[in-house]
Amino acid sequence: MATLSSRLPTVANGGFRTNRPKPKNLQSRTSQNFKVSKNRCRIKCETASTEEERRTSRNLLDKASNLLTNLLSGGSIGSMPIAEGAVSDLFGKPLFFSLYDWFLEHGSVYKLAFGPKAFVVVSDPIVARYILRENAFCYDKGVLADILEPIMGKGLIPADLETWKQRRRVVAPSFHASYLQAMVKMFTDCSERTISKFEGFLSMDSEGSDTVELDLEAEFSSLALDIIGLGVFNYDFGSITKESPVIKAVYGTLFEAEHRSTFYIPYWKLPLSSWIVPRQRKFRRDLKVINDCLDELIRNAKETRQETDVEKLQQRDYLNLKDASLLRFLVDMRGADVDDRQLRDDLMTMLIAGHETTAAVLTWAAFLLAQNPAKMRKAQAEIDSVLGQGRTTFECLQKLEYVRLIIVEALRLYPQPPLLIRRSLKSDVLPGGYKGDKDGYAIPAGTDIFISVFNLHRSPYFWDRPEEFEPERFLMPRDSGGIEGWTGFDPTRSPGAMYPNEIISDFAFLPFGGGPRKCVGDQFALMESTVALAMLLQKFDIELKGSPESVELVTGATIHTKNGLWCKLRKRTNNH
Ligand code: HEM
């Protein structure tokens with residue numbers, strides 16, 4: 001029998017499979033699952049070999065937890081497989097690793113018994129598409145909204161559907177082409193500031209090269225904070241070079257958001273906790289510092305408001321505006337009518353959503369490149385030919401195709417966030433998905449769902465060599481049956497085609513989510529990361545300080561390192 005790999009046409013160089021097996025192929029596909037990819041065998045075997053161990057070590061806590069879960073969720077959800085033994089397996093490694101093992105073991109839709117709660121874990125593109133796009137308004141952000149509401153209020157991410165519908169209509173038009181053009185100039189200025197800082201620390205090593213050793217993750221975090229501050233409310237944190245009470249408060253708040261997202265008991269909702277518990281008190285103080293700062297910025301923006309309509313606003317000469325921020329646009333568009341509280345929530349949401357995600361994608365791109373020097377040189381050759389020693393511009397981003405695809409491939413391997421969280425507002429029936437369970441799975445109202453983007457992006461059923469770093473998988477001749485609809489980067493003609501996205505991959509690749517609640521800052525983020533990476537590689541080679549294995553992963557809202565990404569940057573001498 002032909003293996004799945006040989007039956008499906010794939011794009012050149014081990015890329016994304018464009019023709020998926022249809023549900024009617026279920027029988028043959030299921031029987032082939034085990035040999036779908038030799039690469040996967042290692043993981044599959046690991047799962048199989050630990051299976052016995054896991055069974056015997058399953059402890060009372062797990063049994064009690066599973067019993068409780070099943071009771072509370074009204075017995076098993078139809079015929080949905082259940083990942084048992086969850087509680088003990090979850091200790092000691094990031095959640096999404098366990099979810100991946102269970103995906104291989106139980107299939108692409110399964111129920112996770114997790115303490116007194118049950119979660120449905122989805123790793124299937126059809127089911128993901130259904131939840132995110134086709135029936136999007138039957139789901140809200142569930143646990144995520146519980147965690148983020150005290151920080152972001154009714155900002156776009158945690159917002160209930162009614163608020164979201166109004167605010168998305170207002171916020172989305174602010175990411176227009178002239179704004180993005182001005183942002184590229186700002187990304188370049190901020191990246192230059194970072195590069196100059198690195199150059200200031202250079203010293204000669206024993207091989208006679210100019211090098212500097214630093215934690216790139218921390219540096220990317222500062223860079224992303226400066227960029228998001230300027231882009232969203234024209235406030236220069238200057239965190240690359242200094243510390244301030246506002247920066248400390250922002251980091252404190254981000255840290256708390258992160259902590260809450262790894263905690264499944266909403267401790268912050270306990271009565272009086274924000275007055276008694278020290279970390280809660282600190283959080284309240286930090287939030288006040290940021291809110292005061294935002295209120296001041298909003299007040300200033302309102303005082304200098306110019307009344308204009310949206311189209312006129314979008315045609316302004318953003319490149320020469322002193323303040324081209326989203327806040328400026330939002331206030332000018334709505335002026336005095338805009339509710340301060342809502343505006344503050346929106347700004348806070350974008351500050352948090354746009355900071356850590358971008359810092360994380362740059363961190364993992366650097367990590368992957370440091371282990372693949374040939375790919376780093378390929379990117380540098382592109383940068384040298386496009387930029388020479390010059391600065392990045394909006395126009396040249398189009399030509400930095402390989403650098404962009406490095407970012408995209410880093411987002412495939414390390415999606416930020418690795419899980420999308422939803423809760424069903426009504427009872428629903430999830431479609432059968434590619435696995436082809438004809439009737440699908442009925443779920444009751446209030447079901448919590450994790451869409452595992454990590455599993456989708458590393459699925460052996462949809463990617464060749466899913467674990468390998470291959471930006472080339474997206475680089476296919478446009479006329480040779482590559483990804484349908486992928487026309488390369490042309491922001492004026494087709495803004496959505498800046499990167500291979502969820503539409504082109506039919507929800508197997510979700511770097512920025514999908515459906516109505518897709519990331520509103522996707523273009524901003526991709527351009528920002530491309531500029532920052534291009535400018536770093538223009539000047540430096542990246543080497544890891546230790547072995548790749550010594551870089552431990554941890555997750556909160558995003559995937560990051562446990563102790564920083566310590567690298568040696570070597571000044572390039574061959575970049576003519
Ligand atoms: C590499 C960087 C980024 C990644 C990977 C990323 C990823 C995502 C994803 C996956 C979602 C969907 C969440 C869900 O469906 O639950 C999302 C939503 C969102 N993102 Fe991003 N994001 C990035 C950068 C940004 C930036 C720079 C901004 C703002 C300037 C931003 C603002 C938002 C907002 C406001 C939402 C909520 C949209 C809504 O519900 O309508 N993101 N992001």
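**View 1. Helix α17 gives the most to the shell around the ligand, with 7 residues.** Helices here are DSSP runs of H or I with at least four residues, strands are runs of E with at least two, and both are numbered from the N terminus. Welcome to a predicted model, in which local features need pLDDT of at least 70 and side-chain atom pairs count only at pLDDT 80 or more, while totals for chains, interfaces and linings use all residues. Residues are numbered from 1 along each chain as its sequence is written. Of the 23 residues around the ligand, G354, T357, G513, C519 and G521 come nearest; a residue is near a molecule if its C-beta atom, placed from the backbone, lies within 6 Å of it. The elements that give two or more residues to this shell are α17 and α22. By class, the shell around the ligand holds 13 nonpolar, 8 polar and 2 charged residues. Nonpolar means Ala, Val, Leu, Ile, Met, Phe, Trp, Tyr, Cys and Pro, charged means Asp, Glu, Lys and Arg, and the others, Gly among them, are polar.

**View 2. Here helix α17 (residues 340–370) packs against helix α22 (residues 522–539).** α17 passes α22 in a right-handed crossing, where the near helix is turned clockwise from the far one by less than a right angle. On the α17 side, the contact is made by G354, T357, T358, V361, L362 and A365, and on the α22 side by A525, E528, S529, A532 and L533. Residues are in contact if their C-beta atoms, placed from the backbone, lie within 7 Å. This contact has 6 nonpolar, 4 polar and 1 charged residues.

**View 3. Four strands form an open sheet in the order β5-β6-β14-β11, with antiparallel pairing.** Two strands pair if DSSP finds at least two bridges between them. At the edges stand β5 and β11 (540–544), each with a single partner strand, so one side of each is left without a neighbour in the sheet. Five bridges join β11 and β14 in the antiparallel sense, and E543 stands opposite K568 in β14. α17 packs on the sheet and touches β11 and β14, its direction making about 85 degrees with that of β11. I542 has L569 of β14 as its bridge partner. β6 and β14 (residues 566–571) also pair in the antiparallel sense, over 5 bridges. Across that pair, E213 stands opposite K568 and L214 opposite C567.

**View 4. Strands β5 (residues 203–204) and β6 (residues 210–215) pair in the antiparallel sense over 2 bridges.** S203 stands opposite T211 in β6. The hairpin of β5 and β6 has 5 residues between the strands, and G208 takes a positive phi near 85 degrees in it.

View 5. The peptide bond from Q416 to P417 is cis, with omega near -5 degrees.

Note on methods
Axes fitted to C-alpha atoms, helices over the stretch in contact; angles between N-to-C directions. Contact = placed C-beta atoms within 7 Å.
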